[in-house]
Structures are given as structure tokens and as C-alpha cells.
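Hello,

Here is the structure I promised to pass on to you. My notes on what turned up in it follow below; have a look at the model first and then read on.

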Amino acid sequence: MKKIAIVFLVMLCSASMVYAGTTGKLTGTVKDAAGQVLPGANVVVQVEGILVGAATDANGQFFILAVPPGLHIVKASMVGYQDVTQTEVRVKIDQTSTLNFSLREEVLAAEELVVVAERPPVEVDLTGSKAVMSSVELDRSFVANIKQAVDTQQGVNYNGGIRGGFGLDVSYYVDGMELRDGASNSNWTGINTSTVQELEVLSGGYNAEYGRANGAVINMVTKSSRTRVHSTLDYKMRPAGIYHWGGHIYGPERYENRVMSNPDWWNNHPPPGWFGTGHVTLRDNRDGVNTTLAQHWIMNYLTLPWIQDLKEYDTRTQHGYEGTLYGPLTKRASFMASGRYHKGVPKYPSALNYNPEWNLQGSLTFDVTQNTRVKLQGMHGGFNNTDQFRTLYGSSEDNGLWQNRSGAHIAYPSNSWKFFPFVAQGTPSPTPRSPEYVRMWSGQSKLTHIFDPRTFLDVNLSYFWYFREANYRRDNLWKTSHAAYSKGFDWNEVLVEEENKRLTRGTPFRGVGRISGVPGWGLNYPGDHAQDYAKAYNYTIKADFTKQVDEVHQLKAGLYGSYQFFDRYFHFGYISTAWITDPIARDTNPYEGAIYIQDKIETRGMIVNAGLRVDMYNVNAYVSDDVFDPLRIDEDTPGNVKQSEISIGDPYGYKNISSTDEFAVHTPTQWAISPRIGISHPITDKTVLHFMYGHFNQRPSWQKMTNTPFMQLRPYPETDPILTPLPADYGQKYGYSYTHWAGAGNPGLEFEKMIQYEVGFDQNIADLLNLDVTLYYKDGKNLTAAGFRNDESFLAYYGTYTGTGHRLFPDFNGLGSRGPGKSGSLVVNGNMFFQDVRGLEITMDSRFQQYAHFKFHYNLSYSNTGIYGLRNVYRVQPDGQKARPDSRHGANNTDKGVSGRDNAYWNPRNSAKLTATVFTPANFGPVVVGGWRPLGDWKPGIRASNTPITRRAIHLLSR
């Protein structure tokens, strides 16, 4: 605890705040009927039922800060003048809403004048592209979750990337709390839509207050009320059926049912002669009962109970439930409670019949004094998933741990291994993949103190806990999995389901080829039993101070500090060979922080957002001083330089590595400076030019810096290393080796850098339509990946690069060999990718909102990604020579475009989106029994998109 306290103290002194803005500002002037300013007039706004206000200054101007987003009622009054109230005043996150009042002298007592506030023709203070969806717009749309809401916005591609990104550079916030797992850079996107008051997508650069993302920021503010209790209940259902192309995967028309179920087929299609007559019969169980190939096929692939379960994938109905309740508890307190449960049905057959997902949210807000408010907030969610992995574990953000890993499902109807329940689509052999289990807890305590209408302070203490496991046994989810070591490295017996073991019993049967749609002769056992475990959490403190200095300058400054924990291991291997990533201590306690300052300058002809941000991080660990041999620092590594005999050691008691170790060095601290400036220039009241330039620095995921390389346990002669303990002299005779494709963490990774430029204009057309045209350019360097290989099957093959880094060859004699006594080679992550993105965005948004609304997006984008820097590196040998000269990545005639290419599957060159909705008022149509109007409150509409991935996708909306 002392260490934690010291780290937090350091952060408070030298860090910044990544705090996401959650409020807006009201400003304007109060004049009399003759146009003369009225100093001392009172302007108040109802914020959650409480009046918050300010008095006008000598120039008749007022400022009210910390106003939550949404529609508000604002009232201006002064003794001797008639009160004026403006309703439906829209306030947006981090934006200024301008209101002007004209008060008439009150000769006789008169009623208050109430008017509806006019919507400004254009947003004059937008200095960077931003898309906003209010709670009303979310309710009117077709979207079922936040991810779908984001996908409808301009510049968002099929993979969740924004403006040529790959979903690796986006951060999600809710009420200022970041929902990003720092270990993998995965975001928790399961926020309940019925709790969101406003959602904004910052895609064209953003102010210095935002960090940890060099691509985009998704910001959400939740609902609250002090006037009355609000409730929402939502139910969605998808009927059972087939929702993929190609018909039923196990239908009677399939080849394996029409032909291969006939024993005569097997008699006419014997295995090749070289295959051996000894493999014509199989032992179907441990009792030694032999069966023919035809019998084995029918018994194991067509009639077993778990196969029947897979065949019924089209008979399951999908259900979704969501409910939210919020409102006042007392005059000084309010609450919000929300729950969502989605009983998802996989589109294709998978290891789990259902993919359940849930999310619980709650908050309690209490006014300590008139100027001090405390908000307590908590969230818990999770999902069990057999579709494509939803996290960035197993993607290009996870270099070395078998990238491009799919979930435990069949991804297309003709998949050759569709009779295995734990199969990874696209693999060259029947490689099983376990379901993905994720759990998330988060909480925060937020203090807001308003010193005066122009000054306030936010202080936020938060906690975020993220757990992920890809495992065959759900009942093993909450174990630390050390039980898998009960028989040496025998996780096989612990993690594999009983029905899956059936295929591993007896002599394995190696295939000699495949027939389209069936596992041909490949009646292989699923020999790769993988176990993937990750746990990460962080304690974070944030502080943000805002001051409206005068009518021109609004200063904002903040700090941020976070002390974190990360633990990760990965096991896999066939019966005869095993690979592990945890021969040394795995867990680390990294920390990071930042500091920023920014100024919003608002004049009559120009609005400027200018700021500077400084970020830092440290892995906070002792690592090997030799990049060619990361595992040599620990005595538990078999065959390493510090011992003569193997000593696997107690898996429950990994030795701590410290500065006293002979080959250990401490990780360095990385720093980055990010200047940013955005300018908005109103030409007329209906035309605005905007420009943005900024540097954005993102810390690579912790796993890229801390992943230990795979250590390969070679089989002892004539023994099985899983079933037979390794001999004491194993290290001397066989040593350990690094697998040639396995990546190793690089604790010296630097910040990933992105410079963004943007120029555009907004035009109001006849007060019916807003046109936004924007040109943008993104220049990325020092990236650690340029692709996200974790999506649809063809994207896995035709996507851009994964996180492959520098290949190191430590052994002069080995040169990649993994034999006994050879060091082999390993891949180390590096800041070695670049990306250039150029694009044009056009958005047309209708201004009429009462009975209909439409929005059209068009995006033209060119993305060029590539690799630069060292490719193969050879260690200098004792004689001063290298086995081969080092090589570098670079454009040449033989690299097949590896150094710079554009990929339309990841980043569509042309894409368009259209949404259109018609609304019927609640009192529309005839009245039937009980005052019900069956034609009232309907929202029929359509959504269409046209990209290389989702051509002419159409969604109809309803009530």
C-alpha cells in the first residue's frame, strides 16, 4: 500500500487528466427593448430541477458553466422588466450554447413571456468534426446498442474503425469514466442505450483534455432527473431461423448426409495405400472396441448427442430485455438504476447454444451543499461468446499469442471442420478454440464543486476491473487455473470437455486431405488445447479545473494518474509438445499519467481551442538486459544461463525479479507532448469554416510490452511430457527454445504517434438542411500494428498487417532451429508501422425534426499502411561476427507491397449511409377504447448502406 500511495502522489504532482467532458456552457446577453444592455439581470437554468444561474456583467453578458447536455428551460429576469423564459434550449457536451434575451419594461403586472428557443443555423464553436446523438434521437433510431449507434455515424467503417482506423485507437467514456482495458486496449461497449442522455463521436481531432486514443473518442453522458421518476422497458426478439447464406449447415442436401452416410461410399473410397491398413479401423473408446470408418463416421459425426445439439442451431429464439428507472429520491438526491440482458443466438453452430450478455448500471447523486455535488456510480457487465472474439486479445494487439484466433464456432456453411464444436474457422487443421468469457466491474466517485458561475472543479476517483478467459470449461472460469499444474503441465485433463475427449481417445487418425464441406479423411483429434487467461485492473484519480476568465477566455486544466495491474498467460500444444508463456513471473504493476492545459477563445469572428498535453507511462518491471534472451533472468526457466539443471519450480510461488538479479534492468519511462489547435470561423450566420491540427499519442497495450515469449517444452525421448514428469537433467540435454512465430513483449515501446489535419465548412441551406463537407489527413508513425485480424473470415486473410515485429536470431548455429540446445528465433514487438489516411466526408442532415428526419453520409477514403525499420536482427557472436547481415523492411520489387498498400476490405474507398425516419405524434389518428390511438407514436423508417462489406443493407424501423 505504501508503494501505491507513493505512485499516486507522484501522479498528482506530474500527471494530466484524461477526463472526458460531460457538460456544456450557456452564454449570451440580456438587453432591453431598445437594445441597451442590462447589467445585473438574473439568468437561471433548471438543472435536474434545481435552479442554477448567474447575473449579467457590465456588458450585459452572462456565463453559466457545468450545464449537463439535453434540453433545458432558461429564464431571464430583472426588477422592473417582464420575465422571459426560453424552452427547449439545447446544450451539448463541451460546446457553448448562446442565448440572447430582450426584456420589456413592466408597466403593469404581466404574465411571464415564454418562447421556444431557436436552433442555431450552424454550430459556430465546433473546431473539429463531431457527431452527436441525443436520447430522443437514440430512441427514434433502429439501434439496439451503443456500438450500432456509433456505426451509423460518419467515417465509421465496418470494423469499428474511424477514418481509416482499425478499432485499436478509440476510447469510450461514460460520465467521464474511461471504459478501456489498458492491458489489451479493448473497450467495454455494453452500456445500456436507455441510460444515455447524449452520445458524441469525436472523429476529427479533439481537445487536449482527451488522451489514450490517437484515433477517436466516444463520449456518453447518462440521464438524471430531480423533477419526476422516469422509466423505460424494452423487449426485442429475433425469431428462430437461419440468418446466413447457404442453407442449413447440416441439412439433408449436404454431401455428408446424402452420400457419406452410405457405407458403400466408404467401400468405394478407401484411403490411399500409403496411409496404411492399420488405420482403417479406429478405437472408438478406451475399451478397445474397433469400428470401421463408416461406423466411426456415423457414430461420431452424424448421431452423437452433441452433434444433434449443433444441428439445432436454427431452432433457438433470441431475446433481449432492458429496463431503466431514474428520478428523485429527495430534494437533494437522485438515482438511476438500469439492467440489460441479451440472450443472443449465434448465427452459426458453436460450442455454446447461446451467447448471453448482460450489463447493470446504477448511480446515486447527492447535493452536499448548494454548490457541491457527489455522484457515486457503478457498472457490472459480462458476456459468454462463441462468435468472433470481441476483445483485442487474440488480435493484432496481441502479438505472438497466436494472432487471428477465432471463436469456438463455424464461420461459413461449407466449413470442413463443422463437426467439431471447438473449431477455429480458417485453420489448416481441426484446431479447437474455446469460448470467450469476459467480466467487467467499474465504479467511480465524482465530486463537483462550483465556486461561482464561472468556476468549477471536478475530482474523480475510479476503479476498472477487466477479466477475460478463453477456456473449454465454464466451471473453471473463476479459478486461477493453477490447478492445471496438478500433473506437471497437464492442463489438457482440466480444460477439455468430456465430449471433446471422445475424439482424442485411442490412436489418432491423421487426415490426408479434405472434401469440400466435410472433414474428408481428416478425422483428426482436436489436439490443440488452448487456455487463455488475462486479468487487469486500475485505480485512477482525475481532476479537472475550469475557469471562465472573461468573455473571451475559458481556461481548463487537469491531471490524471493511474496505478494498474496486469496478469496474462497462454497455454497450448498438442499431445506430444507443449508451449507456455509463464515460466517467469507474469504479473506487472504499470502506471501512467498526464497533464494538460487548454484555452477556449471565443470572439465575434473566431473560436479557437488551443491546448498542450504531456503524457507518460512506465511498465514498472525488471526485465532481461538481453533482448535476444528474455527468459534468462529467472531460475525457473529450464536450461537458462543461471542454472545447470532444470527446476520448473512451484507454480504457486514464482520468484520475484528485482534489481539484485544479475541480468535484470528496470523498464524506462516514456514521455510524449501533444500540441493541439482547432479554429472555427463564422463567415455568415449560416456558414462556418473550421480547421484542426493536432498531435495525438497513444500508449501501446500493456500486453505488447509485457508478453513473455512462448517457451517450447520438447518431448523427452519415448515419453509424453504431459503425462510423464520431465527428468532432472532435461535442461542440460534439451534446454528450452523460443518458437519462431511467437512474439515477445517489448518494455521499451514508445508512444504511437498520429498527426491529424482537418479543414471543412458547414452550410445551412434554407433552414431545411445542414451540409458539412470536410477534408482530412492522418499521418501515423511509430504504430505497433496496422490492422485488426479478428473479424469476418475473409478479412482474416485479406486484412492488412498484424502486429509482427522484429525477428531476432540469438544463436549463431540455430538460425531458427528449435531443436535441443538451440535458441531458435523469436519476434519482438516494435514501433514499426506507418499509416497515411486521406479522405473526404460529406454529410447532409435535415433540420426538420417534428415529423420526419433524414441523414446522409458519404465517405471517400484512401488508406496506405506499411512496415519500416529492422526486419531480421542477428546477435553478434563471441568472434564479433553476425551469422547474417541484418535486414530492413522497405519498398522493393520482392516484398509484394508489404511496405505500403491500400486495402478496401478494411477501409472502403467509397461508402455511403442513409437513415430516414417518419414520426407520428402521440395524439395522431382516431381514438379507440381507453383513449388509445393506435396510429400515434410510430417511427417507421429505413436505413441503408453500401460498402464492399455490407452492400445494400436495409433495416426497417417500427414503433
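The charged end of Arg-468 sits over the ring of Phe-389, 4.8 Å from the ring centre. For a charge to count as sitting over a ring, NZ of Lys or CZ of Arg has to be within 6 Å of the ring centre and within 35 degrees of the ring normal. Arg-699 does this with Trp-702, its charged end lying 3.8 Å from the centre of the ring.

Before you go further, a word on what you are looking at. This is a predicted model, in which local features need pLDDT of at least 70 and side-chain atom pairs count only at pLDDT 80 or more, while totals for chains, interfaces and linings use all residues. Residues are numbered from 1 along each chain as its sequence is written, and side-chain values use heavy atoms, with hydrogens and water left out.

How confident is the predictor? pLDDT is its confidence in each residue, from 0 to 100. The chain has a mean pLDDT of 75, with 68% of its residues at 70 or more. Two stretches stay under 50: residues 423-431, with 35 contacts beyond four places in sequence, and residues 790-801, with 52 such contacts. A contact here means heavy atoms within 4.5 Å. Where pLDDT is low, the predicted coordinates should not be read in detail.

Now the overall picture. The chain has 12 helices and 47 strands; these are DSSP runs numbered from the N terminus (helices H or I, at least four residues; strands E, at least two). Of its 959 residues, 57% are buried, where buried means under 20% relative accessible area, exposed over 50%, and partly exposed in between (1.4 Å probe, protein chains only). Among contacts with a separation of 6 or more, 71% are between residues 24 or more positions apart.

Back to the rings. The structure holds 22 aromatic pairs. Rings of Phe, Tyr and Trp (its six-membered ring) pair if their centres lie within 6.5 Å; planes under 30 degrees apart are stacked, over 60 edge-to-face, and the rest tilted. One of the pairs is Tyr-463 with Tyr-539, which is tilted because the planes meet at 40°, with the centres 5.2 Å apart. This pair links distant parts of the chain, with Tyr-463 in strand 24 (residues 455-470) and Tyr-539 in strand 25 (residues 531-548), 76 residues apart. Tyr-463 is partly exposed at 27% relative accessibility, and Tyr-539 is partly exposed at 36%.

Tyr-693 and Tyr-757 make a tilted pair too, 5.2 Å centre to centre and with 50° between the planes. Tyr-693 belongs to strand 33 (residues 687-698) and Tyr-757 to strand 37 (residues 752-765), so this pair ties together parts 64 residues apart in sequence. Tyr-693 is partly exposed at 25%, as is Tyr-757 at 33%. Ring pairs also join Tyr-173, Tyr-206, Tyr-210 and Phe-696 into a cluster.

Strand 25 has another residue to look at, Ala-534. Ala-534 is buried, with a relative accessible area of 2%.

What about the interior? The largest nonpolar core has 41 residues, and Ile-146, Tyr-172, Leu-179 and Met-220 have the most contacts inside it. A nonpolar core is a set of buried Ala, Val, Leu, Ile, Met, Phe, Trp, Tyr and Cys residues joined through side-chain atoms within 4.5 Å. Apart from that core lies another, of 21 residues, including Val-30 and Val-74. Phe-101, in strand 7 (residues 96-103), is buried at 3% relative accessibility. Leaving aside neighbours within four places in sequence, Phe-101 touches Val-30 and Val-74, among others.

Finally, two backbone details. Asp-175 has a positive phi of about 50° although it is not a glycine. Asp-175 lies in the loop between strand 10 (170-174) and strand 11 (177-178), and is buried at 4%. Asp-767 also has a positive phi, near 60°; it lies in the loop between strand 37 and strand 38 (769-783) and is partly exposed at 42%.

Best wishes

Conventions. pLDDT = per-residue confidence, 0-100.
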